[in-house]
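Here are my notes for anyone meeting this structure for the first time. Keep the model open beside them as you read.

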Amino acid sequence: MLWQDAYKPNLAGPLGSMVPQRTTTTRTTAAAQTAAAAAALPAVAGAYVLLIRLDKPFVLRLAGRPAVSLSAGRYLYCGSARGPGGLRARVARHLRQRKTLRWHVDRLTTRGRVIAVWAVPDGDECALAAQLGGLPVPVPGFGSSDCAGCPSHLFAWPEGTVLPFGAPTVSRD
């Protein structure tokens, strides 16, 4: 639940002067619902797939690599959550727009919007990436620099392509 400060006119004053009056209203937003869904994820190790929507193109710059232009569109990122808080903490972090850029995917989640998450307790990110192996790879080595067998953990998701995961665990749209 989010609280919003609203201002309304004070019609009691001369000429109906606009004097701010603070009122509190309750509203439920998609972001609040998503945060609640992420908070309901288990705090266990596992893997996940993020569906990230970029509304406009941007140039992705990663240290030690040539810049890559990413088009507007939908991207799938496979990651793992092995640290404290497991899936719950990692997914909640990815849903935040403001954060320190730590991982490759942070450059996408701060420029785009995570609109769905598939969480797999005790899952393996490389196994998830293998299931997406037929999709286009926009940035070779993205998110998989510590992985010997995967060409990338980032995939473009063209319209009309069916994913092998079923319904997402968390969804914003």
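1. A term to start with: two residues are in contact when they have heavy atoms within 4.5 Å. In this chain, 66% of the contacts with a separation of 6 or more are between residues 24 or more positions apart.

2. Some housekeeping. This is a predicted model, where local features need pLDDT of at least 70 and side-chain atom pairs count only at pLDDT 80 or more, while totals for chains, interfaces and linings use all residues. Residues are numbered from 1 along each chain as its sequence is written, and side-chain values use heavy atoms, with hydrogens and water left out.

3. Next, the layout. Helices (H or I, at least four residues) and strands (E, at least two) are DSSP runs, numbered from the N terminus. The chain has 4 helices and 9 strands. Starting at the N terminus, their order is β-β-α-β-β-β-β-α-α-β-α-β-β.

4. How much is tucked away? I use "buried" for under 20% relative accessible area, "exposed" for over 50% and "partly exposed" for in between (1.4 Å probe, protein chains only). By that rule, 40% of the 173 residues count as buried. The chain exposes about 9700 Å², with 55% of that supplied by carbon and sulfur atoms; these accessible areas come from the Shrake-Rupley method with a 1.4 Å probe, and for residues only the protein chains shown count as cover.

5. Now look inside. A nonpolar core here is a set of buried Ala, Val, Leu, Ile, Met, Phe, Trp, Tyr and Cys residues joined through side-chain atoms within 4.5 Å. The largest has 26 residues, and Leu50, Ile52, Leu60, Leu70, Tyr77, Leu108 and Phe142 have the most contacts inside it. Two or more residues each come from strand S3 (46-54), strand S4 (58-60), S6, H2, strand S7 (113-121) and S8. S3 gives the largest share, 4 residues. There is also a second, separate core of 18 residues, with Val49, Leu51, Phe155 and Leu163 among them.

6. Leu108 deserves a click. Which residues does Leu108 touch, not counting those up to four places away in sequence? They are Ile52, Leu54, Phe58, Leu60, Leu70, Tyr75, Phe142 and Leu154.

7. On to the largest pocket, which has a volume of about 300 Å³. Of its 16 lining residues, Tyr77, Arg90, Trp103, Gly143 and Asp146 are the closest to its centre. For the record, on a 1 Å grid over the protein atoms alone, a pocket is an open set of points where a 1.4 Å probe fits, with protein on both sides within 12 Å along at least five of seven lines, and lining residues have an atom within 4 Å of a point. Grid points are joined across faces, edges and corners, and the volume is the space filled by probe spheres set on them.

8. Who builds that lining? Strand S6 (73-81) and helix H2 (86-95) each supply at least two residues, and the largest share, 3 residues, comes from S6. The lining divides into 4 nonpolar, 6 polar and 6 charged residues. In that count, Ala, Val, Leu, Ile, Met, Phe, Trp, Tyr, Cys and Pro are nonpolar, Asp, Glu, Lys and Arg are charged, and the others, Gly among them, are polar.

9. Why is H2 described as largely enclosed by the rest of the structure? Because 7 of its 10 residues are buried: Gly86, Leu87, Arg90, Val91, Arg93, His94 and Leu95.

10. Gly79, in strand S6, is buried at 0% relative accessible area. Its C-alpha atom is 5.5 Å from that of Tyr48, 31 residues away along the chain. Beyond its neighbours within four places in sequence, Gly79 is in contact with Ala47, Tyr48 and Glu125. Gly123 lies in the loop between S7 and H4 and is buried too, with a relative accessible area of 9%. Leaving out residues up to four places away in sequence, Gly123 touches Gly46, Ala47 and Arg82.

11. Most residues other than glycine have a negative phi. Asp122 is not a glycine, yet has a positive phi of about 60°. Asp122 sits in the loop between S7 and helix H4 (125-131) and is exposed, at 69% relative accessibility.
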